Amino acid sequence: MKKIGFLSFGHWTPSSQSQTRSAADTLLQSIDLAVAAEELGADGAYFRVHHFARQLASPFPLIAAVGAKTSRIEIGTAVIDMRYENPFYMAEDAGAADLIAGGRLQLGISRGSPEQVVDGWRYFGFQPPEGQTDADMGRRHAEVFLDLLRGEGFARPNPRPMFPNPPGLLRLEPHSDGLRERIWWGAGSNATAIWAAKLGMNLQSSTLKNDETGEAFHVQQAAQIRAYRAAWKEAGHARQPRVSVSRSIFALVDDRDRAYFGGAGDGDDQIGFIDANTRAIFGRSYAAEPDALVEQLKKDEAIAEADTLLLTVPNQLGVAYNAHVLEAILTYVAPAMGWR
């Protein structure tokens, strides 16, 4: 069995060819798609965060709205760039959103990827300490955030407060029990996956990672997952971890699918550089008739290793078509793969 959800970047453009032409469109359509996905029996609605871009950015108003409109589906991010985040304010936002959703948040966080502007986190008031990088800063923000989610008091109360305080040191409110165990780390390398395991975070691995061995993307990603699970076991955590992978997968079941994605599944992995020093490998897309698609997916070692699959959706094609994409996977592919 495997949990299956969608992952939306929330692209919007004023182009007449897009059904998502404004920020309002992408926010409202994201809510509608989450509702539709729940009705179809999907397990998760996940959203990517990019700053300074015509995409989804501040995630908590959106996921709180999705939480209020749905009752069962997991609601997550993949991922929030922690270089931009004040972990104290974020802990309050996350606690409130999780309470609205009834404990369904699955928050993916990370040190982030190259953004639309140079050192965009500086505009948010952050700068790495002397001798550290922005990646170090993002990981430090994550560590502080995790500590805050434990719900332990740390702040000395005012001896003359406006309202009565409970005894002892105070914690941030609202606090949501259990959210600490539903934090995921988006790892681009084996080393950061191992680091996440030691801290007790679940693992998110996307459609790109550092090219560490020159092997096929899915082979490297599967090795990353196995390294993560070994580190988790060595750390002695009591619970079992969760692992997600992201993929672009389209079952070609009608003429619309063939027109949009008929040639999208013929490519191979791609190699590129996400910064001056980091060689990355980008995983291929899958698009084929259902029977052929199933045979292709059976060869993907990383999908087999993961317990959760996030399907990246072409959100600019509209809610109805994206619901159709999800329904095709749930109907024709998931049962044949043994995921349902």
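User: In this predicted model, what is a cavity, and how many cavities of 30 Å³ or more are there?

Analyst: A cavity is a set of grid points where a 1.4 Å probe fits but cannot get out, and its lining residues have an atom within 4 Å of a point. By this rule, and counting cavities of 30 Å³ or more, the model holds 2.

User: Which residues lie nearest the centre of the largest cavity?

Analyst: The largest cavity has a volume of about 90 Å³, and its lining divides into 7 nonpolar, 4 polar and 3 charged residues. Two or more lining residues come from each of α3 (87-100) and α4 (134-149), with α3 giving the largest share, 3 residues. Of the 14 residues that line this cavity, those nearest its centre are A91, L148, L172, P174 and H175.

User: How many nonpolar, polar and charged residues line the largest pocket?

Analyst: The largest pocket holds about 1000 Å³ of space, and R48, G112, S113, S206 and L208 are the closest to its centre among the 39 residues that line it. Elements that give two or more residues to this lining include β3 (74-81), β8 (243-247) and β10 (270-275). By class, the lining of the largest pocket has 13 nonpolar, 22 polar and 4 charged residues.

Technical notes. Residues are numbered from 1 along each chain as its sequence is written. This is a predicted model: local features need pLDDT of at least 70, side-chain atom pairs count only at pLDDT 80 or more; totals for chains, interfaces and linings use all residues. Side-chain values use heavy atoms; hydrogens and water are left out. On a 1 Å grid over the protein atoms alone, a cavity is a set of points where a 1.4 Å probe fits but cannot get out, and a pocket is an open set with protein on both sides within 12 Å along at least five of seven lines; lining residues have an atom within 4 Å of a point. Grid points are joined across faces, edges and corners, and a volume is the space filled by probe spheres set on the points. Helices (H or I, at least four residues) and strands (E, at least two) are DSSP runs, numbered from the N terminus. Ala, Val, Leu, Ile, Met, Phe, Trp, Tyr, Cys and Pro count as nonpolar, Asp, Glu, Lys and Arg as charged, and the others, Gly among them, as polar.
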